[in-house]
Amino acid sequence: MKVNMKKTKPAQKHSKKAGLPPGTLIHVGEKRLEAVRISYIDYDEQNLSQKQVSNIEECFPLKTTPTVTWINIDGLHEIEVIDKLGKQFELHPLILEDILHTSQRPKFEDFEKYLFIVLRMLSYDGENQAIEEEQVSLVLGENFVISFQERIGDVFEQIRDRIRNAKGRIRKMGADYLCYSLIDAVVDSYFTILEKIGEKIEFMEEKLASDPTEKTLQQIHKLKREMISLRKSVWPLRELISGLQRSESSLISETTDIYLRDTYDHTIQVIDTVESFRDMVSGMLDIYLSSISNRMNAVMKVLTIIATIFIPLTFVAGIYGMNFEYMPELKWRFGYGIVWLIFAVIAAIMVIYFRRRKWL
Amino acid sequence: MKVNMKKTKPAQKHSKKAGLPPGTLIHVGEKRLEAVRISYIDYDEQNLSQKQVSNIEECFPLKTTPTVTWINIDGLHEIEVIDKLGKQFELHPLILEDILHTSQRPKFEDFEKYLFIVLRMLSYDGENQAIEEEQVSLVLGENFVISFQERIGDVFEQIRDRIRNAKGRIRKMGADYLCYSLIDAVVDSYFTILEKIGEKIEFMEEKLASDPTEKTLQQIHKLKREMISLRKSVWPLRELISGLQRSESSLISETTDIYLRDTYDHTIQVIDTVESFRDMVSGMLDIYLSSISNRMNAVMKVLTIIATIFIPLTFVAGIYGMNFEYMPELKWRFGYGIVWLIFAVIAAIMVIYFRRRKWL
Amino acid sequence: MKVNMKKTKPAQKHSKKAGLPPGTLIHVGEKRLEAVRISYIDYDEQNLSQKQVSNIEECFPLKTTPTVTWINIDGLHEIEVIDKLGKQFELHPLILEDILHTSQRPKFEDFEKYLFIVLRMLSYDGENQAIEEEQVSLVLGENFVISFQERIGDVFEQIRDRIRNAKGRIRKMGADYLCYSLIDAVVDSYFTILEKIGEKIEFMEEKLASDPTEKTLQQIHKLKREMISLRKSVWPLRELISGLQRSESSLISETTDIYLRDTYDHTIQVIDTVESFRDMVSGMLDIYLSSISNRMNAVMKVLTIIATIFIPLTFVAGIYGMNFEYMPELKWRFGYGIVWLIFAVIAAIMVIYFRRRKWL
Amino acid sequence: MKVNMKKTKPAQKHSKKAGLPPGTLIHVGEKRLEAVRISYIDYDEQNLSQKQVSNIEECFPLKTTPTVTWINIDGLHEIEVIDKLGKQFELHPLILEDILHTSQRPKFEDFEKYLFIVLRMLSYDGENQAIEEEQVSLVLGENFVISFQERIGDVFEQIRDRIRNAKGRIRKMGADYLCYSLIDAVVDSYFTILEKIGEKIEFMEEKLASDPTEKTLQQIHKLKREMISLRKSVWPLRELISGLQRSESSLISETTDIYLRDTYDHTIQVIDTVESFRDMVSGMLDIYLSSISNRMNAVMKVLTIIATIFIPLTFVAGIYGMNFEYMPELKWRFGYGIVWLIFAVIAAIMVIYFRRRKWL
Amino acid sequence: MKVNMKKTKPAQKHSKKAGLPPGTLIHVGEKRLEAVRISYIDYDEQNLSQKQVSNIEECFPLKTTPTVTWINIDGLHEIEVIDKLGKQFELHPLILEDILHTSQRPKFEDFEKYLFIVLRMLSYDGENQAIEEEQVSLVLGENFVISFQERIGDVFEQIRDRIRNAKGRIRKMGADYLCYSLIDAVVDSYFTILEKIGEKIEFMEEKLASDPTEKTLQQIHKLKREMISLRKSVWPLRELISGLQRSESSLISETTDIYLRDTYDHTIQVIDTVESFRDMVSGMLDIYLSSISNRMNAVMKVLTIIATIFIPLTFVAGIYGMNFEYMPELKWRFGYGIVWLIFAVIAAIMVIYFRRRKWL
């Protein structure tokens, strides 16, 4: 069963731990997995070892090897795992808190010995037509990257493939390049989301043109909200990556800096697209509202035309329905015919008037 | 009896003292307590003493002890207390004025010997469904923190617990960490408020979808105003904390700086959420307005349909209600039946027309 | 007779002197006084002399005395007075022009030997329900402050009292503190104006809720315009005061700098309040518009209900008003009763339908 | 015949020369004059010579004299004139291009040996009720100023007077002061334009209050567009003048810097006023729209009241117009009187109901 | 057959390659050409050689010659061509990726040995009334410029002419001037687009005034979207060119810097115009909406007038259509005449009332 992240408000999550001493490890997200899944990939240009371990301690020896190590943790509800890892890798308690407290906005912090990066990974849940969000925390140290995810399933599969098959540069480069690749994969996945939203917008616009209903309005507003939430994930990313670039940390080599510049460009592109989408969505709202008022106009016009034609006619008919004794017209031989003529003339005048005012 | 802070406008408070010499001590808020309540906690890693005193002088010896001292004042209407304290701790008269003048926006000032911090503590009054606001002023000196509150009841209870039970780091750290903890508690309490508002927004949205009334509109506007007021408390906080971090005051240790960075992140998160809420609330306004106009449309359509069907029919009936002597149809054997046929045909044409235009 | 400042547009004033050589002394405001009134207060900690003089030359000897001198000029239409003063105190011709040309925005200029400050003093004219504006120019030199006002009546009376009665610090401090006090008095007076506006807003909101008329709309717009004009006076003030603080002029002592910081805080508070008020006023506009459209809805509903109930009934009555010879129902014993039954059934169906759609 | 500048869009002008090598001299504005008019004023404190020349070469000897020379060119369609001048005074080809290409935004460029300034001179064409725009280019060199205008007629007449009559400082100062005077004259002329717009706004507001028509709306939008266009001329001016002030060019003396500061203040004032006007104009739009919907409301109310009163009455009359044989009321002695009573009661109930709902 | 670029969303293009290793060469745009077309121009002040080659290797010897070489590639789908070129000219893999991945936003990157520039070339497709977009990538090295385009046809024809005919400066200057010329040509072509849009806006405004239909609304929204898309191309350009100017690359001479300043001014002008257009387009939306509601008003008024005049008349006629036995008026000699009088009086009162309220 899938979970709609949108429902769990950051504020709600946060208030669970209000008042506790800072650095207290409490997992504030939903428990999404039965068991925490720990796996690692350890590689250099020649060698590669890869394993799913049941015990976090198995990963500890890798910390000091010269090879690049990528430890991935899926599931955050077993606090002891995070705690042990934190102690072994000398992570600051606030870092551990941020990892568990899965409503962080994307950010980057430099702790000299390691860099701490928080990202928000998005995926599109086709079934519920909703965007799902998940916090990914990365710790980049000398020769190792540790990634923390809330649940199984991520956008890193192709990176694992590249490492396994020694495709591209990845096996020749250090942990910083691995870390860059992970960030890049997350940013790249945003384009998939944007594509979905773009399709939705196109679909909605066609619907707006053909048949706008009150439901359309609700969908526009849902879209608008998705944009608000997307923005919250995307904007801080820009800061994050430019922060990484500007940081003078020795952990990031100059070669990787060039790649980060590329990711930065992608981020800007994502932001640009999100902003354009926002503009389009508010344009859709305008169209909706004016098409509604256009419809109302059309309805009103029909009423007006029918009513204004027949009301005078009915009045005329009413006159000759009166029972006065002395109504000479009633006796006329062609009175009835003349009345029909009057009906025709009045109706014709009305129709011509409406034609002239372009209402007909 | 609870007081609705929203009603006391800052401008109103301020004008009470317009024209007085700066540094004049006048309490401009409401008197919310019978007697001022003074209490202190004095601690280091091993020892702890805690007392509620009736006379402010009892606290003065603590100023010079090497232990960390937290003096808390609840109630600001006894000016002599503040005055004596100010003299003893060498506080600038303007500081004392700001403490008493409880409509300050959050700010931070560095007076070398001590730092002065103003915060706005929010709490949610469930009964009146309103957010209550209270100014908390903090003075951080070498080994002491003095906190000033307008009334009894605060968000610091858990900090007192932690000090008493030596939970977390707090007993091992200095006055700067205590001061950080107080700020953090205030920021954390904002999440509780945001959660309440989030619930309100959700509730309102459901109501909007099911049954929007004029009262809903007023509630939306009340919410909007609460956001305006919340923003005023939250935005300056960001500046305050980044100011604290950037200050080169010797009163704040580097360790505490890292914790402040964490609080800064929380503040950004609060601001982000407030801004998203604002966007949502204005979205609600749009929905309200368009649902109102949709309703109007529905009403108009019914009128149009009924009127445009029956007006021509009534006209036809009117024709044969005329009293002309020579109206051959009246004499026809099946005249009446034919008229019914005409009625049916006109009505059918109308209904088909409406169906085609999708109004029915 | 009071003058409504709002009417004299800056542009209008300015264009009076377009094309004249810069530094030409022409008074471009309205002449508001019969005679220019000149007075001075000269004081140090022990002594005080105070006089209203008829001749500006009487003030000149005070320029070189070590005591603090405050020369106040009410009325700007006697150009020779300003000219003589300017020559004696070596003021730049552009300064004199700015003093006379009373549509300056608040600003601060540093001329080394003296500082030039322009403020806008606001007062509330209860009779016309309008905010009145007046330019106050200050020149702060070594040991003297000269203030220029357009007319008699200002917010400095309490400062004069403090000097006379040696209240507060003012007699012990220099001319810079006096100058600060004048600025602070102007900023403080803004709070009184804000309070009045706050009351108006509250009053308007109540009226909006109970009985919104077209006049209400005009009052909202008047309020909106007052906000626009208030903003123009208040925003530059912030720059002005932060400019004063940042200036490295030897004329402002460090002690006074702390006081200016306090005034800066007040300015920010004024700006915050103005911005909140703006938000509230546009909120009111929304409420007005939607309450108008709600009313329209209510009117429409009544029309619809009455019309849609009676139009079909009238049609039925019309049928049996026809004069066909062969209308069997007319002959039925209970025809008339049955028609009444039909009336009742149609009406009942309609009412039930409206109830179900919640229009009744 | 006057030309309405608004019609010639910058884009249109520019595209005329798209693709030509940069620095190609082509005049892209309209040819507004028969012959180019060249004149100069050459002066120092004692001497003054002034002449209208037919041949640009006559001005060349003035370049090296120590006196201040002001060469003014009216009309830009004779490219050779500009070309010769450019060669003699060693102006960069791009400068010449910018002079001819009269759709530049206001800007300032420092070429060491001379400064290049582009301004937009506005004038109000009372006949067409439109603002006319013209590019004025200034070149300030050591001892000379060259000004280029598109046609005869400018705001510099009073400066010429001052030079001729040795009024003010101008004859005692250098070319930089002359250049400042020209800029100041242009900025001052904006106030005249703003005054005209201010009058228009006031006139429009009165019209809005008394009798808003569709034409009013179009006028509001025309005003709005004028603001958009005015803004485009005014905003870059601020940058221009602050650029001039900050430039460390030796061509501008410190004395003139103080005067530029004054002009800068005026520019800010112009910008402030333009922004306030923009706010007012959008306020007017709101008033217009709501007054339109208020009117609609009034119309609807009358319809509703008349219709809802008479529709039931007509129904009652219809009942007794039916031809049933057995309608006992018809035979009653006071039947007709009772029906009138029923009419009166129904009408009264309706009127009371409308009164109670405040629709009458 | 022309392709409407607008349809291929950046997001869509990008997602094609999500997850691939960075630097992987995949062309993500549409294949727009059968064969890639490669051509070069090689020149210095005296000599010129120009050729269309079928094999990219033919261009390689030109890299080291002292003459300026301009290699132009039309069509990007043959990856080997780009790949070979990249290797020969030592371009970074990410550059090649950006060239092929044709949804880059305009940007500039400095790789010391060469500069990489991405532009978006716009052209107006008269047939489909749509703006077409194409990515142009430039590589500026020591003595060479390589340009990459998606398809045949560009705005550079006049530059080729100038080189061939040695018009202007171009043959005397280096590769940096050539590169500047290409950028300038792209920026200049924007003015042509703006002119087209300006014409459209003018056309739309006239249509709005004369006959606004629902189609007009859709066209306004199309225009609005074109502005959104245009903005996305234009804004980053500003950054790009100012980046080029500020870069301290030895590849750009000081002379060319002055020309870039000129291009920068043009860019600002383009941005200004785009922003003005945006303002105008939203103004048009306002006009549309209010003209729609004005029309509705007009329709409503006619209905109201006709209905309110005839409804009471019909009621009166209804009264005398009643069949009461004792209705004395029916027997009166002039009853019928009096009823006509009553009709006339009621109608007259109504008409006068409507006249007074200015509805007629």
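**A walk through the salt bridges and the A–E interface**

At 61% relative accessibility, Lys87(A) counts as exposed (over 50% is exposed, under 20% buried and anything in between partly exposed, with a 1.4 Å probe and protein chains only). Its partner in a salt bridge is Asp83(A), with the closest N and O atoms 3.3 Å apart; a salt bridge here is a side-chain nitrogen of Lys or Arg within 4 Å of a carboxyl oxygen of Asp or Glu. Asp83(A) is partly exposed, at 28% relative accessible area. Both residues sit in helix H2 (residues 79-88) of chain A, 4 residues apart, about one turn of the helix.

Before we go on, a word on the model: it is predicted, so local features need pLDDT of at least 70 and side-chain atom pairs count only at pLDDT 80 or more, while totals for chains, interfaces and linings use all residues. Residues are numbered from 1 along each chain as its sequence is written, chains are lettered from A and ligands numbered from 1 in the order in which they are written, and side-chain values use heavy atoms, leaving out hydrogens and water.

Now look at chain A as a whole. Its secondary structure comes to 9 helices and 7 strands (DSSP runs, H or I of at least four residues for helices and E of at least two for strands, numbered from the N terminus). The radius of gyration of chain A is 34 Å, well over the 21 Å that the globule rule gives for 360 residues, so the chain is more spread out than a compact globule. That radius is taken over C-alpha atoms, and the rule is 2.2 Å times the number of residues to the power 0.38. Along the principal axes, the C-alpha atoms fill a box of roughly 120 × 40 × 30 Å.

Helix H7 (residues 254-319) of chain A holds another pair, Arg278(A) and Glu275(A), 3 residues apart. Their side chains meet in a salt bridge at 3.8 Å, N to O.

Finally, turn to where chain E meets chain A. Here 61 residues of chain E are in contact with 63 residues of chain A, contact meaning heavy atoms within 4.5 Å. How many salt bridges does the rule find across the interface of chain E and chain A? There are 5, and one joins Asp272(A) to Arg105(E), with the closest N and O atoms 3.1 Å apart. Several elements of chain E give two or more residues to the side that touches chain A, including helix H1 (10-15) and strand E4 (107-110). The largest share, 17 residues, comes from H7(E).
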